[in-house]
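Work through the exercises below with the sequence and the structure side by side. Try each task before you read its solution.

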Amino acid sequence: MTRSPSTEPAEPAEFDVRAFARTAHGSLRDDLDLEAVAASPLAPDLVAVLAALATLEGATMAHLRNVLVTNTHKDARVTAFLVTWAFEKFWIADALRAIVDVSAGASTGQGAGSAGGEPPLHTGTAVSGGAASGGRGPVRRAFAGITQGWAVIGAHMAVGLVDDRMLGTAYARVAESSTSATLDAAVARIVAVKERHTRFFEEEVQRRLTASPRAARLARRELRRTAWPLGAAALTAEQRAAFSRFAYGGPEGDARVVELERGIGSLPGMDARTAAIVRRGLAGRRAA
Amino acid sequence: MAFDIDRYTATSVSVNWDDLDLEGFRDDPLPPASLRTLRYMADVEYHTVCYTRDLLTTPSHREADVSAFMTMWNREEFWHGEALAAVLAMHDITVDYDVLKASRLKLGWKDRLDPIKQSVLGSLVGADFVAVHMSWGAANEWSAITAYQRMAELEEHPVLAELLRRIAKQEARHVAFYTSQARERLAASTKAQKVTRFALSRFWAPVGSSINSTEDVRHVMTHLMSGPEGRRAARKVDESISGMPGLQGLTIVQDALDELGVPA
C-alpha cells in the first residue's frame, strides 16, 4: 500500500512543464562560432574547465538513477521535467565539448577543428557505479525511499537547485576570464538554457520545503551527503581540484562561495550547518 | 551494421502532430475498444521513464552510448505519450500528470521492489545482464512497432494512421539501437546468451503487462493480435527475436498470446 501524498504542497505550481518540454533546446552548435575558436584557441586552463563542465552537464543518467529509485519517479510532472532537463543538459555538454575539441585541436594542430571540420558529437558521460552513487547505491536509496515517501521529492529538487547555482558560479567565472567573444556568446546561451531549470527547482523547493518540515529535513540531509557538484564522480581528483580552484579559488572565489552558502542557508527549512557542510564539500576546493 | 549513436542523437526530435487535424475525431470518434487500447499505449509510453529507472540500476548506465541513447529515447517516448494523449483528449479522456501519478501510485510494492530486484540481479550476473536488457528492449520495441502498425491497419482512420506511422518510425530507431547492442553482446558471450534466453522465455510478457491489469493486456492483445493476421505479425516479431545469437527457437510473443487466450 502506498501512503497518500499528504506532504504535497497545497498551492499549484506556476512553472509550465508542458510548455518547457514543448520548447526544449536541442543542439546549440548552430549558435557556436567554432571557426573563431579554431582561429584563436582558448587558454589551456580555460579549456580544462570547459571540459570539466561538459562532463558535469552530461552526467545526468547517474543522478536520474539515484532520483528515480525513490518516490520521485511517481510524480509525472517532475519526471516530465527531468526527461527534458536531461535532454537539454546533454546538448549543453555537447556544445562545451565541441568548443574544447576545436580549441585543443587548434592548439596542437591536430583534430577536426584544425582540419576545418566539425568536431564529432560526443555521447553521454559515463560514470563508474560506486562513484556515481556517492557511497549510496540504488538498492540503498530504493530502500530508504520506501520510508521517505513523497517528502524525498523536495530533497531532490533542493539538490538540483544547489547544483545549478554551483555551476552558475562556474559559468560566471568562465565569463569573467574569457577574452573570446565566441566563448562569451556560448556561455550566455548555456546560461539562458539553464535558467528555466533553475526556475523550476526554485519553485519546487519553495513549495515543497515550505509545506513539509519532513521534506526540509530530508533536503538538509541530502544536501549534506551529496558529492558536489553532481557528476563530480566522473572527474579525476586532479580535474575536480582544478575545477574548484578555478571556480571558487582566490578572493573572488571566496566571495562566491560565501554567496552560495548564504543562498543555501536562506532556502526554506535550511540551516547554517547544512550550508556550511555543502560549502566545505565543494569537491577539490583549495586547501584551507 | 553498427548503430550510429551520434547520428541518432543529432536527429532525435519529438514527434510532431501540429499539421494533423485531431479535431476531426470530434465528428469521427474512435470506438471505445480502440480508445481503451490507445490509453494502454499512452500509459506504456509515459512509463518509459520508470522503465529507465530499472535499466539505470544495472551496469547499463555506465556506458556512454547507452547513456546518450536513454536521454533521447526517454524524450521521444514521452512525446509519443503526449501524442496519444492528445488523441484521447479529443474523446474527452484526460491523461494528465495527476492521472499518471495516480496510476503510478497504484502499482504498489512491486513497483518499489523492481529497481532493487534489477540492481541485485545486475550485480549477480554482471556485465552480461546488459545483454538481457538490450534483448528485452528489442523485443518490446518490435512489439510496439507491430502494435502501432496493426492499430493503423485495423482502424483505417487516416489521421490516426499517420500519427501512428510517425510514432512507429521513431520506434524503428529504438529497435535498431537495442538490436545492435543485443547482437553484439550476445555474440560475445555464451553466458549472456544463456541468461537472456532464460529471462526472456521465463519472464517476458507483452510490454505494458507490469503496469496494467491482465484484463487490459488481454483486451489490447486480442484487439490487435487476434486471428491469422495478428498471429502472422506475432510470428514476425518472434522471428526477429529468435534470430539473435543464442535465442534460436524462442516464440515468446506467440507464447504470451496463447497464455492470454488470444485467438489465433
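This is a predicted model: local features need pLDDT of at least 70, side-chain atom pairs count only at pLDDT 80 or more; totals for chains, interfaces and linings use all residues.

Residues are numbered from 1 along each chain as its sequence is written, and chains are lettered from A and ligands numbered from 1 in the order in which they are written.

**Exercise 1.** Find how many helices and strands chain B has.

Step 1. Count them: chain B has 13 helices and zero strands.

**Exercise 2.** Compare the span of helix α9 of chain A with its expected value.

Step 1. The expected span is 1.5 Å times one less than the number of residues.
Step 2. Helix α9 covers residues 151-177 of chain A, 27 residues, so 39 Å is expected.
Step 3. From first C-alpha to last, α9 reaches 40 Å, close to that value.
Step 4. Now check burial (20 or more other C-beta atoms within 10 Å of a residue's own, C-beta atoms being placed from the backbone). In α9(A), 20 of the 27 residues are buried, so the helix is largely enclosed by the rest of the structure.

**Exercise 3.** Identify the residues that I99(A) contacts beyond its neighbours within four places in sequence.

Step 1. Contact means C-beta atoms, placed from the backbone, within 7 Å.
Step 2. I99(A) contacts L32(A), V37(A), L50(A), L183(A) and A186(A), leaving those neighbours aside.

Technical notes. Helices (H or I, at least four residues) and strands (E, at least two) are DSSP runs, numbered from the N terminus. A residue is buried if 20 or more other C-beta atoms lie within 10 Å of its own, exposed if 12 or fewer, and partly exposed in between; C-beta atoms are placed from the backbone. Two residues are in contact if their C-beta atoms, placed from the backbone, lie within 7 Å.
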